[in-house]
Amino acid sequence: MDAVRLILTSRRALARSDDGPRTLTEVWQAQALAQAIGSRLAVSGPPELRGEALGLTELAGRGCGVLDAPVLDPGDLLAAQLTELDDAREALLCLGGLLGEVGIALVGLASAADGEGTYWQCMEAIDAADEARDRVREMLRKLAAREGALPER
């Protein structure tokens, strides 16, 4: 499935999540999807994005790692459904939005957390999502610079 479509699916699921455990599952899914997109761009994306894409992969992996992995059926794992990444710019724009929404959802969870464990888990995941979003912004900047350097056709 196309990256943009998966990101939109993840955004909708995150918006519909109505309790802490479900929200954490959707946050984990979003981070795993960001990791998969970063990995795909690192391997087959534009050469100028590959270093930042590797960084995105690592940061999103850290975002998954600080959260308890949800129990999901293999068919429900969005990252595993990624088969196409045709438009890197569009995918990165959408991914940046998703990561921003992940941060907002985590702030809400952290502020309502009953225990310190959940609070700190959310804080670390917020940090990872924020840093991943910074990588996405940097890749978008590099794409814009590249497009500005291309001659008009």
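A crossing is left-handed if the near helix is turned anticlockwise from the far one by less than a right angle, and right-handed if clockwise. Helices here are DSSP runs (H or I, at least four residues), numbered from the N terminus.

The model is predicted: local features need pLDDT of at least 70, side-chain atom pairs count only at pLDDT 80 or more, and totals for chains, interfaces and linings use all residues. Residues are numbered from 1 along each chain as its sequence is written, and side-chain values use heavy atoms, with hydrogens and water left out.

**Exercise 1. Describe how α1 and α4 pack.**

Step 1. Find the axes, which are lines fitted to C-alpha atoms over the stretch in contact, with angles from 0 to 180 degrees between N-to-C directions. Those of α1 (residues 3–16) and α4 come within 9 Å and cross at roughly 20°.

Step 2. Name the arrangement. Angles under 35 degrees count as roughly parallel, over 145 as roughly antiparallel, 65 to 115 as roughly perpendicular and the rest as oblique. α1 and α4 are therefore roughly parallel.

Step 3. α1 and α4 cross left-handed.

Step 4. List contacts (heavy atoms within 4.5 Å). From α1, they include Ile7, Arg11 and Leu14; from α4, Glu90, Leu98 and Glu101 are among them.

Step 5. Sort by class. Ala, Val, Leu, Ile, Met, Phe, Trp, Tyr, Cys and Pro count as nonpolar, Asp, Glu, Lys and Arg as charged, and the others, Gly among them, as polar. The α1 and α4 contact has 10 nonpolar, two polar and three charged residues.

**Exercise 2. Now do α2 and α4.**

Step 1. The axes of α2 (residues 20–44) and α4 (residues 88–112) come within 10 Å and cross at roughly 150°. That makes α2 roughly antiparallel to α4.

Step 2. This crossing of α2 and α4 is left-handed. Among the residues in contact are Val27 and Ile37 of α2, with Leu99 and Leu106 of α4.

Step 3. The classes for α2 with α4 are 15 nonpolar, three polar and no charged residues.

**Exercise 3. Which way does α2 run against α3 (residues 50–65)?**

Step 1. The axes of α2 and α3 come within 7 Å and cross at roughly 155°. So α2 is roughly antiparallel to α3.

Step 2. α2 passes α3 in a left-handed crossing. Trp28 and Gly38 of α2 are among the residues that meet α3, whose partners include Leu54 and Gly61.

**Exercise 4. What lies at the start of α2 and of α4?**

Step 1. At the start of α2, a side-chain oxygen of Asp19 reaches to within 2.9 Å of the backbone nitrogen of Arg22.

Step 2. At the start of α4, a side-chain oxygen of Asp87 comes to within 3.2 Å of the backbone nitrogen of Arg89.

Notes
Helix = DSSP H or I, 4+ residues; strand = E, 2+ residues; numbered from the N terminus. Polar contact = N/O pair within 3.5 Å; in protein donor to acceptor, adjacent residues only side chain to side chain.
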